[in-house]
Amino acid sequence: MAVQADAGAIRRRRTRASTEVRGYGRATPYLFLAPYLTLFLLFVVGPAIFGFWMSLHDWDFQLPGKPFVGLQNYKDLFDPLSATAEPFWHGMRATGIFTVASVPFLVALPLALAVLLNRKFPGRTFFRAVYFAPFVLGVAVIGLMFRYILDTSFGLLNAFLGLFGAPDIGWTNDQPYAFIALVAVTVWWTAGFNAIIFLAGLQDIPAEQYEAAELDGANSWQQFRNVTLPGLRPVTVFIVTITVLASANMFGQSVLITQGGPGDTTATALMVITDTGFSQFRMGQATAMSYLLALCLAIISVLNFVLLRERKS
Amino acid sequence: MNTISRRLVLGGIGAAGAAGILAGCGEGSAGKPGAAPATGDGGAKGYDGPNVELDFWNGFTGGDGPFMRKLVDQFNGEHANIKVKMTVMQWADYYTKLPTAVSSGRGPAVAIMHVDSLATNAARNVIEPLDDVATALELKQEDFSEVVWKAGEFNGKRYGIPLDVHPLGFFYNKTVMTQAGLDPAKPPTNADEYAAALDALKGKGIQGHWATPFPFTGVLTVQALLWQFGGDLFNDDASKATWHEEGGVKALTWFSDLVKNGHSPKNVAQDADNIAVMNGKNAFVWNGIWNINTFREKKGLEWGVAPLPNIGGTEAAWAGSHQFVLPKLKTADANKSTAARVFVNYISQKSLEWAKGGQVPARKQVRESAEFKALPEQAALATQIDHLHFPPAVPGIGDALNELNKAVNEAVLLKAEPAKALSDAAARADKILDANRKKYGA
């Protein structure tokens, strides 16, 4: 505070002393933003605009002709007779199922973990590291690893379940097991990341609030319900938002573990977009799909905010 | 208010990012290939220009890689002024990377491509015709089998010089066959013998032919069966899929019945069929010739390989073929073009060495040489050469074939009846074929 006040005072003095550097204060924030802004424009906004332009064409970067088709690529996505509609909506369905199934676990479980890891007990730091550890692995590593573990005939998991007389389950190629496997793998893989963020949020809740609650006779559940949860609200909004986006962008797990199967039930929207754009080289259609997916995610993010925002009554 | 906009932006960034993934790689101008190089002799007379470095890309990530590297080293040793640098990557990435590299002017001078990708890449200006190389090497149809030779052509021009053929073969575990009282020296050769063998195995509690729902090896097997039952994948001009007709339905029914009749477990995962043969849990697998080296490396495995049994009545087998291609150079470089042709010529003549990596040489004279016949497994599969099938040379044919993969997947996992799965897939494939015709202007 003191530093800020000083800086303000200095600036006021300067402004008063020399009028010729009046623009200085106004440009400063933008100059600080410039390095990031340049990258943002170059690698996010620029490609996004170019992508939209592509989506209005039959675009293949290797073909000389890139006929302008207007909104046809978008219309095709709503025309069940077109070549792109069915794969795309199947992909959206897979993405939707995965998101709905994974987000609750990816929010609730890390919250429970964070509450546990926030207590004082011997080896606390060790366990914090243990739960975070899987997150540092690449998707290729966990994908390959779980393909072995989940193999129907020779996998560790079925061998273990077999000890209890369970029949061989097709974890990678039978539904609903394929989705269960994908959700479980993803939860194991990324729960630690969300837990760390919750943990940071927990440490921001003043201890006095718990003391006050205790004095008022609140038991530990009531404390959790009325102190912890409200205190974590901003963190929760953040986590729900990024987790929904991350789950909606699920790609590697499906590619590596289920290969989109059985049938195309676990081929997510991103897999369909990648296939359309990079193996069929229909980049116009693929960017149209991307924009539709982006629109859906934007709407969900807004809903997310509206539903979870702080209600000031 | 402040938080609203921040969250909106946050959502927006994620969303824009998704779109950006695609947009980012459309960069790079297209359709401006370098002028056709002045090559004249197609590399037959060698190369005596200044030192030149050639990039050579392929996807030989498996047991075949070291064999190709050896040939490249040999070539480098014998050619002081040409240095070939071989880069290996996964085939799946390769077909995405190569066009991008070519369009940005960083493509290799020589590359390998599967025969079913030639037409697509020719139509997309990724590779250039090399009729001159074929002429210079005095390659003629008689030197190859007709189907292999024809497969390198698109629109009347030659785009690929065949390096090898890799057919599907019938691999069997001799120990398991003995357990079931079968004679390992006489693997089944037709539908009745095959059924009898499977029943004998079942009698001993062995599931004898595991059926996978994946392209390797399920879809390859179903394609072979489809041709055996007299069907075909596409009609004559490849404008419609025909795999849902009688031959295809019989093929997929036979294959998925392996699961229904208890000759295969349900939900077999990728590669588990092959692993099961190696572990002695499965007797038979129809796998590519590349499997020879995999089986050979497994200690204690008693195995054999034979041409595919004739289940459907007509001898037929699925096969792929590696072909040399010359990617387009953005800036024409006569030295590079000539040197690349010298390299293709050299390797093509050394295809016996390559065959040891688990391939059938494309050249007839190599196939008929005593040295090749001394490779018993490869030679056994080479006998199928005259009834091999490739997909038609139509751009984007792989996009349509992808739908067949889905049908096989659903049927083998018992999620759909073969006929229904196939006709649904054919309907989807027809739309893709239609879109491809528009796209590639055929």
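This note goes through a predicted model, point by point, for a reader who has not seen it before.

1. Confidence of the model. The prediction carries an ipTM of 0.79 and a pTM of 0.84. For chain B the mean pLDDT is 86, with 90% of the residues of chain B at 70 or more. Among the elements of chain B, the highest mean pLDDT, 97, belongs to helix α10 (residues 246–260) of chain B, whereas the lowest, 39, belongs to helix α1 (residues 2–23) of chain B. Across residues 1–39 of chain B the pLDDT is below 50, although in the model this stretch has 84 contacts beyond near neighbours in sequence.

2. Helix α2 of chain B and its length. This helix covers residues 65–78 of chain B and contains 14 residues. From the first C-alpha of α2(B) to the last the distance is 20 Å, which is close to the 20 Å expected at 1.5 Å a residue.

3. Which residues of α2(B) are buried? They are M68(B), L71(B) and V72(B). Because the buried residues of α2(B) fall within an arc of 100° when the helix is seen down its axis, they line one face of it. The exposed residues P66(B), D73(B) and G77(B) are carried on the face of α2(B) that is turned away from the buried side.

4. What lies over the buried side of α2(B). The cover of these buried residues includes two strands of chain B, β1 (52–58) and β2 (82–88). It also includes two helices of chain B, α13 (334–349) and α14 (351–355).

5. The domains of chain A. The domain assignment of chain A gives domain 1 as residues 1–55 and domain 2 as residues 70–308. Taken over C-alpha atoms, the centres of domain 1 of chain A and domain 2 of chain A are separated by 36 Å. To the contact between them, domain 1 of chain A gives four residues and domain 2 of chain A gives seven residues. On the side of domain 1 of chain A that touches domain 2 of chain A, two of the residues are nonpolar and two are polar, with no charged residue among them.

6. L156(A) has its place in helix α7 (residues 156–162) of chain A. Is L156(A) buried or exposed? With 12 other C-beta atoms within 10 Å, L156(A) is exposed, because a residue counts as exposed at 12 or fewer. Between L156(A) and A133(A) there are 21 Å in space, C-alpha to C-alpha, and the two are 23 residues apart in sequence.

Methods
Residues are numbered from 1 along each chain as its sequence is written. Chains are lettered from A and ligands numbered from 1 in the order in which they are written. This is a predicted model: local features need pLDDT of at least 70, side-chain atom pairs count only at pLDDT 80 or more; totals for chains, interfaces and linings use all residues. Helices (H or I, at least four residues) and strands (E, at least two) are DSSP runs, numbered from the N terminus. The expected span of a helix is 1.5 Å times one less than its number of residues. A residue is buried if 20 or more other C-beta atoms lie within 10 Å of its own, exposed if 12 or fewer, and partly exposed in between; C-beta atoms are placed from the backbone. The arc is that of the directions from the helix axis to the C-beta atoms. Domain bounds come from an automatic or database domain assignment. Ala, Val, Leu, Ile, Met, Phe, Trp, Tyr, Cys and Pro count as nonpolar, Asp, Glu, Lys and Arg as charged, and the others, Gly among them, as polar. pLDDT is the predictor's confidence in each residue, from 0 to 100.
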